[in-house]
Amino acid sequence: MGTIDGLPPLREVIRAHDLVAKKQLGQNFLLDLNLTAKIARAAGDLTGCDVLEVGPGPGGLTRGLLAEGARHVVAVEKDARALPALAEIAAACPGRLTVLHGDALELDLAQHLTPPVKIVANLPYNVGTELLIRWLTPETWPPLWSSLTLMFQKEVAERIVARPRTEHYGRLALLAQYRCEARIVMTLPPEAFTPAPKVHSAVVQLTALPQPLYPCDFGVLQRITAMAFNQRRKMLRASLKGLHPEIGTLLDSVGIPPTARAEEIGLEGFCALARAVAED
Ligand code: SAM
């Protein structure tokens, strides 16, 4: 049995297992273990937590999570070529790393996790947003996880944390901020990855709130924001016309000018409107 520190450098691991990056699997690896340790630390105290990692690849972040004291890491990897490298890490940390081979979109991961759970991942770009939306819309709230620490393309990260009246503000910001505190904790240039992607990346930290700051029916909120942002340049009295026969009066009643556009209205305003629609 070895130790995490005794494992070979990641470049050597990639060479030994012939892990040539595949674009279709969103493979941009982090090979600097100082950087992966920093991302693991951004997730806060991991001791006593189960950590779900999607897409461990050669295992740089996995090593960081284990070194930072995670009780148990469950790592889901679609690429079978990475499994021997991950088995070496598991052997260095007996009982603390479970590697699941498969597609994170298809596996039932909850059965492998015991709360408290944190999700930490350098996500494959092609499935990152879909996974985030699933994690933000579980059947019950609070969710299984207490926080998400996720690497995205910087533009996606900006959409998650965006505020009203800014370029990236839209449905993803509202969905994320409805019942999470969301912020960007780190930005990374393309050169941080091997191979280097075309764009910058950023790590977003989402912390689950016990309940929404502004309570309302989540389904109604989703319906309103879909209508409002599908025609984001239109005034709300026009884009939300199909919602209610007296939409102008309803908007007025919750303090939203009927001539306002979707991008000017914050979460509080949309939730107030959702409550008014549900009560009407
Ligand atoms: N965590 C590693 C790192 O930071 O160096 C690799 C990150 S790389 C951006 C994304 C990883 O996700 C790759 O290892 C890829 O094979 C894996 N992957 C892609 N699609 C996946 C899916 N649907 N389910 C699980 N893993 C997936």
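This is a predicted model: local features need pLDDT of at least 70, side-chain atom pairs count only at pLDDT 80 or more; totals for chains, interfaces and linings use all residues.
**Exercise 1: the overall picture**

Work out what the chain looks like as a whole, from its secondary structure to its surface and charges.

*Solution.* 
- Step 1: start with the elements. You'll find 11 helices and 9 strands in the chain.
- Step 2: get the dimensions. The C-alpha trace spans about 70 × 35 × 30 Å along its principal axes.
- Step 3: check burial. Of the 280 residues in the chain, 50% are buried.
- Step 4: see how the contacts run along the sequence. Take the contacts between residues at least 6 apart in sequence; 69% of these join residues at least 24 apart.
- Step 5: finish with charge. There are 29 positive and 29 negative side chains, and the centres of the two sets sit 5 Å apart.

**Exercise 2: the ligand and its surroundings**

Find which residues come nearest to the ligand, then list backbone atoms that lie close to its nitrogen atoms and say how much of the ligand the protein covers.

*Solution.* 
- Step 1: collect the shell. It holds 20 residues, and those that come nearest are Gln27, Leu30, Gly55, Glu77 and Asn122.
- Step 2: go through the backbone. For Gly55, a backbone N or O atom lies 2.7 Å from a nitrogen atom of the ligand. With Ala104, the distance from a backbone N or O atom to a ligand nitrogen is 2.9 Å. Pro56 has a polar backbone atom 3.4 Å from a nitrogen atom of the ligand.
- Step 3: ask about cover. On its own the ligand has 600 Å² of accessible area, and the protein covers 99% of it.
- Step 4: Strand S1 (29–30) and strand S3 (72–77) are the ones that give two or more residues to it.

**Exercise 3: Thr62**

Decide whether Thr62 is buried or exposed, and say what its side chain pairs with.

*Solution.* 
- Step 1: locate the residue. Thr62 belongs to helix H3, which covers residues 60–67.
- Step 2: apply the cut-off. Buried means under 20% relative accessible area. Thr62 comes out at 0%, so Thr62 is buried.
- Step 3: look for a polar partner. The Thr62 side chain makes a polar contact with the side chain of Glu53, at 2.7 Å.
- Step 4: Leaving aside neighbours within four places in sequence, the contacts of Thr62 include Pro56, Val73, Leu86, Ile89 and Leu97.

Technical notes. Residues are numbered from 1 along each chain as its sequence is written. Side-chain values use heavy atoms; hydrogens and water are left out. Helices (H or I, at least four residues) and strands (E, at least two) are DSSP runs, numbered from the N terminus. Buried means under 20% relative accessible area, exposed over 50%, partly exposed in between (1.4 Å probe, protein chains only). Contact means heavy atoms within 4.5 Å. Lys and Arg count as positive and Asp and Glu as negative; His and the chain ends are not counted. The place of a charge is taken as NZ of Lys, CZ of Arg, CG of Asp or CD of Glu. A residue is near a molecule or strand if one of its heavy atoms lies within 4 Å of it. A polar contact is a pair of N or O atoms within 3.5 Å; within protein, one must be able to donate a hydrogen and the other to accept it, and residues adjacent in sequence count only if both atoms are side-chain atoms. Accessible areas come from the Shrake-Rupley method with a 1.4 Å probe; for residues, only the protein chains shown count as cover.
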